[in-house]
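Grab a pencil and have a go at these exercises. Try each one yourself before you read the solution.

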Amino acid sequence: MTTLQPLSRQFCALLLDSHHRLTGKELGPPPLTSADAAAEWLYEDAPFGLLAHDTADDPTFIYANRTAQKCFEYTWEEFVGLPSRLSAAPDAQPNRDAFIRSVTRDGYATGYRGIRIAKSGRRFWITDVTMWDLIDAQGTRHGQAAVFPSWSDL
């Protein structure tokens, strides 16, 4: 996948459509008038953290909304291309890896809680995480996305 722009309508549609198809639930946004408005809401205004990584053997982030950027203390430019494993401290990797394997096996998983690490080294909890495969209408897998509606410092 080529480098995304934060307000990509196509990627927004992939996030929303694959989430709904796999979980049976709407991710958001509230009813809006256009695909551009939906992409802007997810990136700028969504009240949850939203991340996505690619399908590489060592996946790298391809998307992080503003809420996720604030939690992890990275800018868009710093986040995109960062190996997603670096979002968790080494001692939290086994838990993270098991959750990712369950998503790969089942298409999505919910209820995850894990410790993450910000750019500054600050550790924080993400809770009630849902992660799903990013699969387009043709069945091509583009990676995985995760939404975390709550977070707190340790």
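**Exercise 1.** Which residue in the hairpin of E4 and E5 takes a positive phi?

Solution. A quick note first: this is a predicted model, where local features need pLDDT of at least 70, side-chain atom pairs count only at pLDDT 80 or more, and totals for chains, interfaces and linings use all residues. Residues are numbered from 1 along each chain as its sequence is written, and side-chain values use heavy atoms, with hydrogens and water left out.
- Strands are DSSP runs of E with at least two residues, numbered from the N terminus.
- Five residues lie between the two strands of this hairpin, and Gly139 has the positive phi, near 90°.

**Exercise 2.** Work out how E5 pairs with E4 and E1.

Solution. 
- Pairing requires at least two bridges found by DSSP between two strands.
- E4 and E5 run antiparallel, joined by six bridges; Ile135 sits opposite Arg141 of E5.
- E1 and E5 are antiparallel too, with five bridges; His53 has Gln144 in E5 as its bridge partner.

**Exercise 3.** Find which residues Leu50 touches.

Solution. 
- Contact means heavy atoms within 4.5 Å.
- Leaving out residues up to four places away in sequence, the residues that Leu50 touches include Leu15, Leu42, Tyr63, Trp132 and Val147.

Definitions and conventions: Helix = DSSP H or I, 4+ residues; strand = E, 2+ residues; numbered from the N terminus.
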